[in-house]
Amino acid sequence: MSHTTARSRTAAFGLSALAVLALSACSVADQTGGGSSEEQGSDAPKKTVTIMTHDSFEPPKELLEKFTEETGYELKTTAPGDAGTVVNQLLLAKDSPTVDGVYGVEDHSTHTLVDGGVLADVTPEGLPESAKDRVVEGKMIPIDQGQVCVNVDHEWFEDKGMDEPQGLDDLTKPEYAELLVVTDPVTSSPGLAFLAATVEAEGEDGWQDWWTKALDGGTKVASSWSDAYYTDFSGGDGEGDFPLVLSYSSSPAYAPTTGNVEGTCTPQTEFAGVVEGAQNPEGAQAFIEFMLSEEFQEAFPESMYMYPIDESVELPEEWAENAQMAEDPITPDPKAVAEHREQWLKDFTALREDR
Amino acid sequence: MSLPSVLQRRPRARPSGDGLGAWWLLAAVLPLTFLAVFFLWPVGAMFLRGVTADGALDLTAFGEVLGRERTWRILGHTLGMAAAGAALSLAVGLPAAFVLYRRTFPGRDALRAVVTVPFVLPTVVVGVAFRALLAPGGPLGFLGLDQTTTAVVLAMVFFNVSVVVRQVGGLWSVLDPRQAEAAASLGASPWRVFRTVTLPQLGPAIASAGSLVFLFCCSAFGIVQTLGRPGVGTLETEIWVQTSVYLDLRVAAVFSVLQLLVVLAAIGLSSAASARTVRALRIRDAYAVPLGRRDWAPALVTALAATLILLPLGSLLVRSFHSSEGWGLRNYRLLAESSGAGFAGGTTVLQALEHSVKIAGDATVFTLLAGIPLALLLTRPFHSAAARRAQRWLDGAVMLPLGVSAVTVGFGFVVSLQLEFRELAQSGALVPLAQAVVALPLVVRTLVPVLGAVDHRLREAAGTLGAGPWRVLLTVDGPVLLRAVGLAAGFAFAVSLGEFGATSFLASPDYQTLPIVVVKLLGRPGAENYGMALAGAVVLALVTATVMVVCERLRPRGAAGTGGAW
């Protein structure tokens, strides 16, 4: 083989490799040119409303289209991460907000946002009866709800012929403590809700004892919900050794052999608000009102896996049968949680690390 | 492409000796701009917030944090785990590199591909796979390793052994065996030949891979978190907690400085080690002989490594076939149809895969555009001491992103890029660029050892014979570059496919990538979500493995016979 052919082959290889790579280079076009050309097809000047949500907000597309039809606003969402990330982003960018509204803030963060001066006052029309006394400081509007509960693997307890635990106090007993897996309150939001519930139930002086007993008794702390539910839990999809797991009141809807331990439930509500200094506060309010409409509320269980805040809306069959929320949950004061959260988490971490 | 016109330009004599001074400057400016915009600016903006209060410098947090005993325990724990992870990865990776790149046997190529897969799996998925094995009820539960430091170190090896195997193997496969054969024929034992001939030749690649792995282990977040955060956690998890949970930027800044110091020390050590060992080598076509009985020791280690990798992957694969309807392909069918329970309007896994592949294609182009000139620049034997110093700085600068927490960079985007370019930052168009910053160090580190092995006398000889600087580059460095560029492109593509941290902050909700969708599915209860997440992870693993295999084969045969020609 002569040198010339070798070189031209090398060059040809190089060029064709470049061409292949260049052809594949289309994500940018997809996202800037391609994507928007179809949206901007009708060139009526629509006003955009930008809502920051947590990363699991995926309502049905038809509903979002309906929002645009009814209000004339084009909806844009940004989802930088989980609910905690959303709160941090808003706090970091509060001097020059990049979004008009926010959705997906949990109970324990509402006061952090309100006190941080991130939110504007909002009075949405059509607030359902059951949501009225849960509005936070006229700024955070409850949209949907759920509960964090200890789930129990009914089959496991039946096989062993053991009674199921009934409440928080049962869980620290030696026979149950070693059967429970919870999630780390520092890294998981159900974990934090549950920690706050133990503080509420056992008192400022008693909660550390509760946890010391549970941890000494063999309660396991997993880092995330998926870790606890899928790896350690014996029910549902899990193949683990623990028949008691910290999860949601809605989980049994799809795991019929499991249920909730009534006395361990604590509410987890998701809130929305209008951002102070937003470019389009009217649009944000319109979206909040739209999420409170009956049609959107009805969609929550099946398409977003939460319970509607409007309690007059009927639940799907599986939910009504197997995944009812506890009637009398442990309800900490969100303001107190916002205030003491950091100290509780640090105390919990110390308690765990020093064992 | 203006290459031909450039080729005709008459070279001017330069102190650097190759007449391409201005072009080298450009080669440095491009990646540095990249780094400045996507790394220094966001990280600097976060840091500034951490060390100022009401517009004045406030360093009181340093005294507070450094005075705590816990801080030092965290530092010790981080260094200990990273050192163990890197050492074990080398101990396992070197024999495996030998077996997989210097020996032939049936199934070798498949095994090479398998070794790479862990590197791109979302860490959350790996956590699930690992814990499924190690949890008390799992197949390896009897080892009692669940939620221990040992489990975390093993997971680090699982992730990083491929870096060692690929980088060292890449160089090893093209080493001219004659020197070693000569030593052997003079009576040296295989071990002695390895120690005195081969090991020094592989020095730069080992130093480079070792330091990379150390950095990866230092900043490992997902696996430390998922596998149970034993003890006090690491610098990385502490930065995450301080930033993400407490939004305490003052304290986070202190830990970031500690992490930065560790990273700088590691980079310094590795560049010192490479500088001592880098040498001109004879490079030839890939050379391998059949695996024989005398290779039993490295073969055994390779088998161990393969087991470590295959066990969690296997458990992942098996579980991906299990759904509410029993065993079957249901989870895989759902990938095209459903976006999962609770995500009614979301992206299906298949759509996410398409997004991922397109984004990774872009990111690969960007990474290579910046990385190839940079690697060439870093391996130029400049005469001036200032130029050589600049080279070392540049080399270190490119590595920095590996050692800075993704959460710092992520929130940094919010207080920098997003404030200035709101539309652009929210459009998701920046995702491939941000991923390129993450992939760049690995690409540069893949190319540098191979290019560094080119004997500079070849270039001088070519120059003496009248070849212009571009021609020297094309004919001497070009063929060697082509050998490594496939592997580098594969790494870039794979890193981009698996990237989670920066992507999760920048991706548009309408254009999500596969790892993000998998993690989302894992995070929400609902029928089939778990099975779909596992099936999605398996698809991600398969795509990655295929890409790596193809990239390695994208090597023009016979086009690069430097060894023979000279």
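This is a predicted model: local features need pLDDT of at least 70, side-chain atom pairs count only at pLDDT 80 or more; totals for chains, interfaces and linings use all residues.
Residues are numbered from 1 along each chain as its sequence is written, while chains are lettered from A and ligands numbered from 1 in the order in which they are written.

Let's begin with chain A as a whole. It has 15 helices and eleven strands; these are DSSP runs numbered from the N terminus, with helices being H or I of at least four residues and strands E of at least two.

Now the domains, whose bounds come from an automatic or database assignment. Domain 1 of chain A covers 46-145 + 268-318, and domain 2 covers 146-267 + 323-353. Their C-alpha centres lie 28 Å apart. How many residues of domain 1 of chain A are in contact with domain 2 of chain A? There are 15, and they meet 17 residues of domain 2; contact here means C-beta atoms, placed from the backbone, within 7 Å. On the domain 1 side, helix 4 (83-92), helix 5 (107-115) and strand 10 (266-275) of chain A each supply at least two residues. Helix 5 gives the most, with five.

Which strands pair with it? Pairing, by the way, needs at least two bridges found by DSSP. Strand 3 (residues 101-106) runs antiparallel to strand 10, joined by five bridges, and A:V105 stands opposite A:F271. Strand 4 (residues 119-120) is also antiparallel to strand 10, with two bridges; there, A:L119 has A:V275 as its bridge partner. Strand 5 (residues 141-153) pairs with strand 10 in the antiparallel sense over seven bridges, with A:Q147 opposite A:P267.

Finally, over to chain B. Helix 22 (residues 469-498) bends by about 50 degrees at B:G478, and a proline, B:P479, follows within four residues. That bend is the angle between axes fitted to the seven residues ending there and the seven starting there. Helix 22 of chain B is mostly covered, with 26 of its 30 residues buried.

Technical notes. A residue is buried if 20 or more other C-beta atoms lie within 10 Å of its own, exposed if 12 or fewer, and partly exposed in between; C-beta atoms are placed from the backbone. Two residues are in contact if their C-beta atoms, placed from the backbone, lie within 7 Å.
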